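Me: I would like to go through the pockets, the cavity and the helix packing of this structure. Could we take them one after another?

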Amino acid sequence: IAASSGTTPGIRYGKLNQDNLLVTSFTHDGKVCHVWGVFDGHAPLGEFASEIASKTFCTEIEKVFKSGEKFTDDRITKVFENVHKAILNFYSQVPKKYKYVSQQLTYTTKPQSTYCEWYKSATGHWCPIEFGTTASIAIYIEGGDYITVANVGDSTVKLVQGTGDEDLFFYQLSEDHKPNSLTEAKRLKNLSTCAINPAGYLTAKGGGIPEKEAHELQMTRALGHKMFVKHGVITTPSIMRHHVLEDDHFLVLGSDGLWDFLDEKEILDILISNENPKDAVEAMVESIDSLCEFDSSVDNMAVIVVHLHV
């Protein structure tokens, strides 16, 4: 097992990077547990959510592993719940002044709006204090048969399989939780507290939220949301276990800033040309950074490359 990770802010949010990573391993009773995670924060203060998620997942997973417990679906779901609670604790600690990209924001209470707290910019623009993060983790215990992947949101985990360079292909191990996905649309269909707008975003409604102030979210599962958990967003992860095969070569975990701006062929070409995960990650970061020269929409990007058979 060899792994490397990297991140870059892109250009869309200036120098602000809300992505965080987790690459660690634990040893207990002669066994080694590897953990990899990508966390993409969103909205003002989202970088705090992803940082708290990275640190808390590390603590919670180590606790499970060293206690001798199995990584069952219920136990993994509980870990996600605990990380969500840790992020919620930050709402009582938000800075009174906060710079979001180029906006200097000041904490205040918005008149006639009690469903959440707000930041106000110097120009009078209001930003609801409602933030969160994706979370995609992979757990592998050396000598075991399975990689366990669990995720909420749209940071994606893919496996590279194949018998040779010409036959390599990606196999997705995570589920993207978007409002327009079949499983999520079905789950949300009969909820009266949310709606999917024409642009495909989840919007909160009811509960005292004025329609013109309805908050939007591009995903249906995430950690750290205080308001949106009352309006369709859940913290329950999708969980998949993959039986490791000899034809499995690389595991790639990436935020949407990777998968939205580099297509699978580009990523495969990088992996084929750079078998060392460190070199592959550096090449991906360089590719994203080069796009910033002519594309102002390039997002924060975080990536982990794991070489499964060294």
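**Pockets, cavity and helix packing**

Reply: In the largest pocket, strand E3 (31–42) and strand E15 (216–217) each supply at least two residues of the lining. Please note that the model is a predicted one.

Me: Which of the elements gives the most to that lining?

Reply: E3 does, contributing three residues to the lining of the largest pocket.

Me: And how many residues line the largest pocket, and which lie nearest its centre?

Reply: The lining comprises 23 residues, and those nearest the centre are Arg12, Tyr13, His42, Ala43 and Gln218. By class, the lining of the largest pocket divides into eight nonpolar, seven polar and eight charged residues.

Me: What volume does the largest pocket have?

Reply: The space in the largest pocket amounts to about 570 Å³. For the second largest pocket, the volume is about 470 Å³.

Me: Which residues lie nearest the centre of the second largest pocket?

Reply: Lys31, Glu69, Lys70, Phe71 and Ile141 lie nearest its centre, out of 17 lining residues. The elements giving two or more residues to this lining are E9 and strand E10 (146–152). E9 has the largest share, with three residues.

Me: How does the lining of the second largest pocket divide into nonpolar, polar and charged?

Reply: The lining of the second largest pocket has six nonpolar, five polar and six charged residues.

Me: Which residues line the largest cavity?

Reply: Its lining is formed by Ile61, Phe71, Arg75, Ile76, Val79, Ile137 and Ile139. By class, six of the lining residues are nonpolar, none is polar and one is charged.

Me: On to helix packing. At what angle do the axes of H1 and H2 cross?

Reply: The axes of helix H1 (residues 46–67) and H2 cross at roughly 140° and come within 9 Å. The two helices are therefore oblique to each other. The crossing of H1 with H2 is right-handed.

Me: Which residues meet there?

Reply: From H1, the residues are Ala49, Ile52, Ala53, Thr56, Phe57, Glu60, Ile61 and Val64; from H2, they are Arg75, Val79, Phe80, Asn82, Val83, Ala86 and Ile87. By class, this contact of H1 with H2 has eleven nonpolar, two polar and two charged residues. Ile61, Arg75 and Val79 take part in this contact, and these three residues are also in the lining of the largest cavity.

Me: What about H5 and H6: how do their axes cross?

Reply: The axes of helix H5 (residues 264–273) and helix H6 (residues 277–291) come within 9 Å, with a crossing angle of roughly 140°. That angle makes H5 oblique to H6. The crossing of H5 and H6 is right-handed.

Me: Which residues make that contact?

Reply: H5 contributes Ile267, Ile270 and Leu271, while H6 contributes Ala280, Ala283, Met284 and Ser287. The residues of this contact of H5 with H6 comprise six nonpolar, one polar and no charged.

Notes
Residues numbered from 1 in each chain as written. Predicted model: local features only at pLDDT ≥ 70, side-chain atom pairs only at ≥ 80, totals over all residues. Heavy atoms only, no water. Axes fitted to C-alpha atoms, helices over the stretch in contact; angles between N-to-C directions. Helix = DSSP H or I, 4+ residues; strand = E, 2+ residues; numbered from the N terminus. Parallel < 35°, antiparallel > 145°, perpendicular 65-115°, else oblique. Left-handed = near helix turned anticlockwise from the far one by under 90°. Contact = heavy atoms within 4.5 Å. Nonpolar A, V, L, I, M, F, W, Y, C, P; charged D, E, K, R; others polar. 1 Å grid on protein atoms, 1.4 Å probe; cavity = no way out; pocket = protein on both sides within 12 Å on 5 of 7 lines; lining within 4 Å. Points joined across faces, edges and corners; volume = space filled by probe spheres on them.
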